[in-house]
Amino acid sequence: MSFEFPLLSLVIWLPIVFGIVVFATGNDRNANLARVISLAGAILGFIVAIPLYGNFDSASGIMQFVENHAWFERFNVNYHLGIDGISMPLILLNCFITPLVIVAGWEVIKERVSQYMGAFLLMSGIVNGVFASLDAILFYVFWEASLIPMFLIIGIWGGPNRVYAAIKFFLYTLLGSLLMLIAFIYLYQTSGGSFSIADYHQLAIPLTPQILIFVAFLLAFAVKVPMWPVHTWLPDAHVEAPTGGSVVLAAILLKLGGYGFLRFSLPIAPDASHYLADMMIVLSLIAVVYIGLIALMQADMKKLIAYSSVAHMGFVTLGFFLFNAIGIEGAMVQMISHGFISGAMFLCVGVLYDRLHSRQIADYGGVVNKMPAFAAFFMLFAMANAGLPGTSGFVGEFMVIMGSMQINFWYAFLAATTLIFGAAYTLWMYKRVIFGAVASPAVEQLSDVSKREFAILAILAVSVLWMGLYPYPVTEVMHATIDQLLAHVSNSKL
């Protein structure tokens with residue numbers, strides 16, 4: 001479907017323009033102005049994205065809202081945008097999370113406010129560009145540009161080891177991305193001089209080059225997910241990042257890797273995807289089981305939730321390589337659900353950190369006695385993180401387990417252990433932080449959530465419950481696209 005109004009361009013560039021305007025407000029004497037402009041930009045960014053859902057034809061698997069203009073004609077590079085049932089929900093998730101992050105940092109960030117707020121707006125627009133790009137070079141530009149705001153957010157507003165964490169995050173992602181660029185150049189030559197991603201889907205590439213292309217993409221996307229064993233940058237980045245940075249990193253940036261598998265790896269290298277599927281499933285199950293056990297050993301709340309993210313994203317890559325509709329749809333639901341739940345969990349840790357300036361589980365205890373409303377929200381998100389039926393955390397995991405059962409009982413059995421480990425490490429943390437007698441004079445001084453914090457957590461709580469009880473609006477829009485993807489991949493010679 002072509003759309004006359006350039007809606008995707010508006011969704012991409014409106015947050016970026018607002019971000020630049022926020023930067024222009026200057027130093028912290030204009031901090032309140034920067035906050036107001038950034039919130040207005042984030043809310044407008046979400047409002048202009050809503051028609052993407054309202055006007056989306058869920059019965060069609062083709063690209064919609066398409067825009068295509070020449071950019072560098074000599075190399076056949078185009079400003080080519082479009083979305084389908086895979087990319088549209090992720091754009092909406094990104095636009096939904098950004099205003100919450102802006103509000104979360106409203107009173108917490110007191111220095112370089114305009115730069116902090118502006119960085120999140122820039123990142124929101126850039127990430128929308130990643131999800132909407134149908135030209136390989138345009139995709140690569142947005143992909144690499146998304147590193148810059150997060151690098152600055154961690155490096156400037158992060159914790160004591162922020163520079164180390166920021167550089168580690170940057171180098172891991174950059175090195176993987178360079179191999180992706182080499183794959184794009186090979187595909188450009190093979191396709192006769194096209195950077196159109198749709199053209200790459202039609203190429204008949206022999207198995208050996210497909211495997212090399214798949215590996216190049218794997219190294220780029222696996223780092224972003226992140227998959228075991230290239231996940232080690234994530235706990236460092238989360239621990240050092242400010243609360244808003246952790247929320248966007250977990251809720252949005254990790255989804256870029258999952259999206260890349262569906263947009264590039266599976267359709268461009270279908271034979272290699274089948275050939276290497278067992279390897280991908282094993283790596284995914286290691287993430288689910290082994291990283292879940294590592295999460296049990298953590299004393300830092302942020303680090304525990306970071307390892308939890310790796311385990312939950314293992315479900316995503318597992319679902320992709322089952323090559324059945326329920327598995328891939330479950331993986332997509334898991335990505336969106338993880339955006340809500342992980343974002344909420346990091347915000348809850350941020351609420352405690354803002355008051356006590358500690359993330360250590362041992363420093364808390366008896367918080368429910370002083371913060372009952374907060375304890376109720378944290379309980380909901382902890383249960384969702386553990387996969388409780390009725391929450392969004394259950395839906396995606398259940399679908400992936402069902403898809404695994406169609407392939408191999410032991411895949412499903414190992415995947416289902418996350419329901420045990422997830423409950424163990426999440427409830428272990430919750431019990432020690434929230435329940436019991438008041439543990440220290442510092443906890444005695446805690447105050448319950450403010451109206452601002454209550455509003456943010458309430459919005460996420462509604463989202464988690466709504467998607468857990470009625471996931472149909474999400475699964476409906478992606479069904480036709482995923483069926484079309486599976487039909488393409490099933491034509492594999494293997």
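Predicted model: local features only at pLDDT ≥ 70, side-chain atom pairs only at ≥ 80, totals over all residues.
A search of the whole structure identifies 6 salt bridges. In one of them, the side chains of Arg-263 and Asp-84 meet at 2.9 Å, N to O. This pair links distant parts of the chain, the two residues being 179 residues apart: Arg-263 belongs to helix α11 (residues 243–268), whereas Asp-84 is placed in the loop between β2 (77–83) and α3 (87–104). Arg-263 counts as buried because its relative accessibility is 5%, below the 20% limit that defines burial. Asp-84 likewise falls under that limit and is therefore buried, with a relative accessible area of 3%.

A salt bridge is also formed between the side chains of Asp-300 and Arg-359, with an N to O distance of 3.4 Å. Asp-300 lies in the loop between α13 (277–295) and α14 (301–320), and Arg-359 in the loop between α15 (325–356) and α16 (372–385), so the pair ties together parts that are 59 residues apart in sequence. Asp-300 and Arg-359 are both buried.

Arg-452 and Glu-453 form a further salt bridge, in which the closest N and O atoms are 3.9 Å apart. Both Arg-452 and Glu-453 are buried. Together with Arg-355, these residues are linked in a network of salt bridges.

Helix α20 spans residues 451–469 and contributes the largest share, 4 residues, of a nonpolar patch. The patch lies on the surface and consists of Val-462, Leu-465, Trp-466, Leu-469, Tyr-470 and Tyr-472, with about 650 Å² of accessible area together. Among its members, Leu-469 is located in helix α20. With a relative accessible area of 64%, Leu-469 is classed as exposed because its value is over 50%.

Helix α21 (residues 472–489) comprises 18 residues. From its first C-alpha to its last, α21 reaches 25 Å, close to the 26 Å expected at 1.5 Å a residue. A bend of about 40° occurs in α21 at His-479. The buried residues of α21 are Pro-473, Val-474, Thr-475, Val-477, Met-478, Ala-480, Thr-481, Ile-482, Leu-485, Leu-486 and Val-489. An α-helix has 3.6 residues a turn, so residues three or four places apart point the same way. The packing partners of the buried residues of α21 are α2 (31–54), α3, α11, α12 (270–275), α15 and α20. Several of these partners also carry residues described above, including α11, which holds Arg-263, and α20, which holds Leu-469.

Two further positions were examined individually. His-238 lies in helix α10, which covers residues 233–240. This histidine has a relative accessible area of 0% and is therefore buried, the limit being 20%. When neighbours within four places in sequence are left aside, His-238 is in contact with Ser-246, Leu-249, Ala-250, Lys-302, Ala-306 and Phe-346.

Val-66 is found in strand β1 (residues 64–72). The relative accessible area of Val-66 is 24%, so this residue is partly exposed, a class that lies between the 20% and 50% limits. Val-66 and Phe-96 are separated by 30 residues in sequence and by 22 Å in space, C-alpha to C-alpha.

Conventions
Residues numbered from 1 in each chain as written. Heavy atoms only, no water. Buried < 20%, exposed > 50% of the residue type's maximum accessible area, 1.4 Å probe, protein only. Contact = heavy atoms within 4.5 Å. Patch = residues over 30% accessible without salt bridge, like charges linked within 9 Å, V, L, I, M, F, W, Y side chains within 5 Å. Areas by Shrake-Rupley, 256 points an atom, 1.4 Å probe, with all protein chains shown as cover. Salt bridge = Lys/Arg side-chain N within 4 Å of Asp/Glu carboxyl O. Expected span 1.5 Å × (residues − 1). Bend = angle between axes of the 7 residues up to and from the residue.
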